[in-house]
Amino acid sequence: RRHGLSNLEKELTDAGVVGDGGTLTTGTKPFNVFARLVSGAMAQPEMAAANALLDGPAAERFLLACNRKENDEHWHSSAPEWLGKAAMSQRHRFLLLRDLDWSWFNALVFGMRDGAQLAEAVATLEAMREAALSYTRADGGWSTSVGLYLHCYPLNSVQALHLHIVDLAAVGPTFTALSHKNLQLDAALEVLREELESPPVLPLRGTSPRQSPL
């Protein structure tokens with residue numbers, strides 16, 4: 001908030017992550033794999049069966065994605081070339097939001113635009129949790145111990161909202177290596193709900209009072 005929402009947007013725009021229309025870019029420089037998947041610029045045919053398990057409303061809002069095949073295959077590896085790069089578990093998937101507006105690129109900015117977006121963010125994360133857990137129950141092979149994590153900017157590696165779905169019964173070395181990045185979905189929801197009840201009084205630098213949260 002002290003840095004300012006407009007300054008963050010400029011930072012992302014200068015890096016080519018956000019285009020002139022305020023949406024995430026889907027080209028190859030920079031290469032934003034999740035934005036490309038959501039836009040249809042890329043596809044993962046191997047995830048068609050998984051996405052078919054999402055119900056109608058969830059399928060309209062979200063998209064399931066997977067790691068590179070080699071990252072999944074090396075989930076158990078502690079070799080330097082795979083540590084932090086391989087999948088965090090034998091079963092590790094991503095749930096993406098089908099909205100490329102930059103205000104949804106990461107949990108860091110949820111609710112910074114206004115109170116309405118904060119309430120929408122809470123509802124969206126709740127829906128993501130339900131969709132993710134419904135998928136693991138329907139897919140088969142997953143344990144009942146499932147971790148749901150967000151990576152908060154700037155600790156994230158892809159600048160598009162994605163929820164990590166991790167089977168905690170079969171985690172590998174990368175799970176431990178990335179533990180400092182794993183923000184539990186429920187922890188994020190707890191903070192956002194607290195902000196709904198008691199809005200922060202610190203204004204966003206570079207915004208007018210009318211644009212300040214709530």
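This is a predicted model: local features need pLDDT of at least 70, side-chain atom pairs count only at pLDDT 80 or more; totals for chains, interfaces and linings use all residues.
## Salt bridges

A residue counts as exposed when its relative accessible area is over 50%, and as buried when that area is under 20%. Aspartate 14 forms a salt bridge with lysine 10, and the closest N and O atoms of the two are 2.8 Å apart. Both residues sit in helix 1 (residues 5-14), and because they are 4 residues apart there, about one helical turn separates them.

That pair belongs to a wider set, since side chains of opposite charge can pair when their charged atoms come close. The count of salt bridges in the model is 8. One of them joins aspartate 72 to arginine 93, with 3.5 Å between the closest N and O atoms. Aspartate 72 belongs to helix 5 (residues 69-73) and arginine 93 to strand 2, so this pair ties together parts that are 21 residues apart in sequence. Aspartate 72 has a relative accessibility of 18%, and therefore counts as buried.

Another salt bridge links aspartate 186 with arginine 129, and here the closest N and O atoms are 2.5 Å apart. Aspartate 186 comes from helix 8 (residues 185-197) and arginine 129 from helix 6 (residues 115-139), so parts that are 57 residues apart in sequence are tied together. Both partners are partly exposed: aspartate 186 has a relative accessible area of 44%, while arginine 129 stands at 25% relative accessibility.

## Nonpolar cores

Next come the nonpolar cores. The largest has 31 residues, and those that touch the most other members are Leu64, Leu95, Phe110, Leu125, Leu150, Leu163 and Ile165. At least two residues of this core come from each of strand 1 (62-66), strand 2, helix 6, strand 3 (146-151), strand 4 (162-167) and helix 8. Helix 6 gives the largest share of this core, with 8 residues.

Apart from neighbours within four places in sequence, leucine 163 is in contact with Arg93, Phe94, Leu95, Met128, Ala132, Leu148, Tyr149, Leu150 and Leu185. Arg93 in that list is also the salt-bridge partner of aspartate 72. There is also a second, separate core of 22 residues, with Val18, Leu63, Trp102 and Val158 among them.

## Cavities

Where is empty space left? Rolling a probe the size of a water molecule over the atoms shows this. The lining of the largest cavity is made up of Leu24, Phe34, Ala35, Val38, Leu96, Leu97, Asp99, Leu100, Trp104, Ala160 and Leu161. By class, this lining has 10 nonpolar residues, no polar ones and 1 charged. Helix 2 (33-39) and strand 2 (92-97) each give at least two of the lining residues, and the largest share, 3 residues, is from helix 2.

The second largest cavity has a volume of about 40 Å³. Around it are Phe105, Asn106, Ala107, Leu150, His151, Cys152, Val158, Ala160, Leu161 and His162. This lining divides into 7 nonpolar residues, 3 polar and no charged.

Note on methods:
Residues are numbered from 1 along each chain as its sequence is written. Side-chain values use heavy atoms; hydrogens and water are left out. On a 1 Å grid over the protein atoms alone, a cavity is a set of points where a 1.4 Å probe fits but cannot get out, and a pocket is an open set with protein on both sides within 12 Å along at least five of seven lines; lining residues have an atom within 4 Å of a point. Ala, Val, Leu, Ile, Met, Phe, Trp, Tyr, Cys and Pro count as nonpolar, Asp, Glu, Lys and Arg as charged, and the others, Gly among them, as polar. Grid points are joined across faces, edges and corners, and a volume is the space filled by probe spheres set on the points. A salt bridge is a side-chain nitrogen of Lys or Arg within 4 Å of a carboxyl oxygen of Asp or Glu. Buried means under 20% relative accessible area, exposed over 50%, partly exposed in between (1.4 Å probe, protein chains only). A nonpolar core is a set of buried Ala, Val, Leu, Ile, Met, Phe, Trp, Tyr and Cys residues joined through side-chain atoms within 4.5 Å. Contact means heavy atoms within 4.5 Å.
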